[in-house]
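Subject: Two-chain model, handed over

Hello,

Here is the model we talked about. Please load it first, then read my notes below.

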Amino acid sequence: MTERRTATTAPYTIGIPPFRPGEKADFGGSFKEQPEDLNRPDPATCTSDETTLHARGLVRVLDDNGEAKGEWNPNLDKATMIEGLEYMMRLRIFDDRMIKMQRTGKLSFYMRSFGEEAIAIAQTMALKEQDWIFPSYRQPGAQFVRGRDMVSMICHCIGNTEDNVRGRQMPVHYTYKEGRFISISSPVGTQFSQAVGVAMASAYQGKDEVCISWLGDGTSAQGDYHYALNFASTFKPPVILNVVNNQWAISTHSNLATGGKTFAERGLAYDIPSFRVDGNDFLALYSITQWARQRTEAGLGPTHIEIYTYRAGAHSSSDDPSAYRPNDEATCWPGGDPIQRLKDHLISIGVWDEEKHSELAQKIDDDVMTAYKEACEFGDLASGPYPPASTIFTEVYETVPWHIQEQREELGK
Amino acid sequence: MADMNMIKSLNSALSISLKEDPNVVIFGEDVGFFGGVFRVTEGLQKEYGAHRVFDSPLAEGGIAAIAMGMGLNGLRPVAEIQFADYIFPAYDQIVNEIAKVRHRSGGEFTAPLTFRTPAGGGIKGGHHHSQSPEAQFTHTPGLKVVYCSNPYNAKGLLLSAIECNDPVIFFEPKRCYRGPFYGDPHNVPTWSGHPDAEVPEGHYTVPLEQARVVQEGNACTVIAYGTMVHVAEQAIKDSGIDCELIDLQTLVPWDRDTVVNSIKKTGRCVIVHEAPKTSGFGAEMSASIQERCFYHLEAPIQRVTGWDTPFPHTTEWDYMPSPQRIADAIKKTQVE
C-alpha cells in the first residue's frame, strides 16, 4: 500500500495521483507483501475479523521470481494453468485486433482489458459452470472460459446483423445467457447490487449457484456498491463482490476516490470476510475465488475482494492517458504483467517454453483474424449491413404495444 | 364476493400471488412482521414465511436492484416503495436497468417485477408524502405504469401486474385506501357498501391497457385516474352536466381508443390529475386527443391538475384539483 498523495495548498484535502506526466514513476521496485505473509483461513468457519490482515495486506501466490508459494497456492495442474494462459493471451490478442479495427471505423468504440486479463479469467475458471457472471466492462474474458465463440463476440462489437443484442448497445456490452454471463450496461456499479438479488434468488430456489460481480475503484463511490455490501451482509446470499482497484477511473486516480486506506477493509465494517489480492497473479485470483465459493458452500454467504491491479491501457478508445499520468507508469508497476507472470511460472516449473508460447500466440492470432473475417461477412459499423431498423421497436416489452407499433409504422421499416 | 377496502383487496391479491406462484416474493421497508405502514402486507409474512415476505434495509436503490437481480434469476418480486416520493433513489435502477434489460440483452434477460407504491395527496403529507410521480415513469420506455382507484380494480390490476412479464410501476392512491374521496376532507366515507368494494375473494384480473368507463354521458368526457376519479365524479354531479367519466387505470400503454371514441361522441374533454401540469400525463393525452379528435372537438381541452409547485402541507386542498375546479372546467367546455 503506497501512501496517499494529497495537495497541501487546498483548504480541504484534494487527493492527487502519485505521479503526473513529466514526473518519474517509481513504486519502489516490488511489493513488500510476500506470498507467505498471510494464512488461508478455513472458509467454513472464518469470521470477518480473521481477515483483517488480509484486507490490509495482499494475498499473493506467485512471488517476484515466479515461484508459487504459501498457503494460498491452489496447486493447479499444468493443464489448468496452460488453459488460463491461453485465455489471457487470447483476450489480449483479441483486444489488440479490435482496437486496430476501431481505428478504421469498423466499430465505434472499444475497451481493452490490458493488464487485467487474469481477473475474470482466473475467477471464472475457479467457479462452477452454473455460477452467474455479472460483469462490468473489463471482464469479457469470462466468456472465453464459458465457451463463447469469438465470431459471436465480434459480431456484437461491430454491430452487424448477427449481433445478438441487435445493434442496440455500444461495443463490449456483451450478453451471453448460455454462459450465464448477464448483460452489461454502461451505468457503473448497478450490476453490483443486482448481483446480490441474483444470488438471493439462487438461494431462494435452493440451487448450488453463486453470483460473482465486479466494479472499479472509482465506481465503489456509488451508492450501488454500498447497497450491495449492506444487502449482502444482511441477507448473506452466495455472492462474490470484487472491487477491481486498477487505480484509475478514466483520469481520476483512486487517491481521489476515497480517503480510506484499502478498498478491501470497507467490507469488514459490514462483517463480510474481506481480502486484498494481487490482481496480476493468476494463481492468487483463482485461489481467493475458490475460497469464496467454498464459503458459499458452507452456507456463509458473501466474500468481498479488492483486486489490486493497474489499468495498463487507456480507459477506452476515446481516452488518452498520457494527458494525466506518466507514459511508463504501467511498466514501473510492481505487479507486473499477468500473462508474463503466469508464463514465467510455467517456464520455471518446466511445462512451458518460449517456443510453445510463440506458437500459441501465432495460432491465437490466426484464430482471431479468421474469426474477425468471418464476423465481417455479416457486416460492420463502417459499411453495414446493420440489424433491421425494426429492432428498435421490438423487445421493449414482451409484446409490442399499440403506441410503439404506430411509431414503427411511421418509420416505415 | 366480500366487502373490502383497498388495503384488504390489495392484500388479497398479494396473498393469492404468494399462494399460486412459488416464485413470488415480497419485500420492502416495514412490509414483513409489521405488515407495512399502510398494512397492505399484514399477515402475509406469518402465512407465507419470512423468506417470502420480508423487511429490507432502508435503501430504495438497493430494493430496486435486488428486485431486478431476483427477476433476472427466475423470481417474480413484488417490492414496496413505502411512499412514491421515496422512489427516486431507485430511479437509476428503474430507468436505466429494469426498463431496458429486455431490450439491451436482445431478449435474453428479462426482469418481471412489480413496484407497488402509495402515491398522491390528501393525507396532510406535505412535500414528501403526497407526490404523484407517474409522469416520471410514463416517459421511460420498457415500463408499464398502472394507477388503481378502487378496491375492485386495485386487486385485479395488481394481479395482472404481478403476472405480467414486463416491469410494472403500480401506484396506489393512498387517500383512497380506506374509502373513496370526493373532495371534501370533512366528509370522508369508507368503502363499505360502495359497489366497487364488492370484491371477489378468489383470483381475477383487470387487464392492463384497458380504461374503465365509470359513467356514460354525452356532453363532455372527463378523464382521471387514482383519487381524482372520485373527485371528478363529485364534480360531474355538482356541475349537473351529462359527462362521461373515464378511469384510465393503466397509463402505459394507455387505452387511447376508449378515450378517443368517447371524445368523438362528446366533442369536449377535461383531463384531471393531481400531479403538476407541466409535462404531466395530461399533456400527453391532450396532444394525442388533438391528433385524433381535432375535427370532433367543440371546445379547447381543459386540464385540471396540481400546480407547478412543490406539494404543500396545510394548504393541500388548494393544491389538489377540487370538485369546484373540475366543475368549472367542465362548464368551460360547454361554452359555444
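Leaving aside its neighbours within four places in sequence, which residues is B:Gln234 in contact with? The answer is B:Tyr182, B:Gly183 and B:Pro323. Bear in mind throughout that this is a predicted model.

B:Gln234 sits in helix α8 of chain B, residues 228-239. It counts as partly exposed, because 19 C-beta neighbours lie inside 10 Å and the cut-off for buried is 20 or more. B:Asp184 is 50 residues away along the chain from B:Gln234, yet their C-alpha atoms are separated by 9.6 Å.

Overall dimensions

Chain A has 413 residues and a radius of gyration of 22 Å. That agrees with a compact globule, which at this length would come out near 22 Å. The C-alpha trace of chain A spans about 65 × 55 × 50 Å along its principal axes. It holds 13 helices and nine strands. Buried residues make up 51% of the chain. Take the contacts in chain A with a separation of 6 or more: 77% of them are between residues 24 or more positions apart.

Chain B has 336 residues and a radius of gyration of 19 Å. A compact globule would be near 20 Å, so the value agrees. Its C-alpha atoms fill a box of roughly 60 × 45 × 35 Å along the principal axes. The secondary structure is 12 helices and 14 strands. Here 58% of the residues count as buried. Among contacts in chain B between residues at least 6 apart in sequence, 78% join residues at least 24 apart.

Where the chains meet

The contact takes 36 residues from chain A and 34 residues from chain B. On the chain B side, the elements giving two or more residues are α3 (60-72), α4 (91-98) and α5 (101-104). Of these, α3(B) gives the most, with nine residues. By class, the chain B side has 14 nonpolar, 14 polar and six charged residues.

Strands in chain B

Start with β2(B), residues 24-28. Five of its five residues are buried. Both faces are covered: B:Val24, B:Ile26 and B:Gly28 lie on one side, B:Val25 and B:Phe27 on the other. In a regular strand the side chains alternate between the two faces of the sheet.

β2(B) has these two parallel partners:
- β4(B), residues 76-80, is joined to β2(B) by five bridges. B:Val24 has B:Arg76 as its bridge partner there.
- β3(B), residues 53-55, is joined to β2(B) by three bridges. B:Ile26 has B:Val53 as its bridge partner there.

Next, β14(B), residues 302-306. Four of its five residues are buried, so the strand is largely enclosed by the rest of the structure. It pairs in the parallel sense with β13(B), residues 269-276, over five bridges. One bridge couples B:Val272 with B:Val304. The chain crosses from β13(B) to β14(B) through helix α10(B), residues 281-293, and this β-α-β crossover is right-handed.

A helix in chain A

α9(A) covers residues 282-297, 16 residues in total. From first C-alpha to last it reaches 23 Å, close to the 22 Å expected. Of the 16 residues, 14 are buried, so the helix is largely enclosed by the rest of the structure. A:Gly299 follows α9(A) and has a positive phi, near 80 degrees.

Backbone points to check

Cis peptide bonds:
- A:Gly384 to A:Pro385 is cis, with omega about -5 degrees. A:Pro385 is in the loop between α12 (354-376) and α13 (402-411) of chain A.
- B:Val252 to B:Pro253 is cis, with omega near -10 degrees. B:Pro253 is in the loop between β12 (250-252) and α9 (256-266) of chain B.

- A:Gln247 has phi near 75 degrees. It is in the loop between β5 (239-245) and β6 (248-249) of chain A. A:Gln247 is buried, with 23 other C-beta atoms within 10 Å.
- B:Arg39 has phi of about 70 degrees. It is in the loop between β2 and α2 (44-48) of chain B. B:Arg39 is partly exposed, with 17 other C-beta atoms within 10 Å.

Best wishes

How values were computed. Residues numbered from 1 in each chain as written. Chains lettered and ligands numbered in written order. Expected span 1.5 Å × (residues − 1). Buried ≥ 20, exposed ≤ 12 C-beta atoms within 10 Å, placed from the backbone. Contact = placed C-beta atoms within 7 Å. Nonpolar A, V, L, I, M, F, W, Y, C, P; charged D, E, K, R; others polar. Rg over C-alpha atoms; globule rule 2.2 N^0.38 Å. Pairing = 2+ DSSP bridges. Right-handed = clockwise from strand over helix to strand, strands pointing away.
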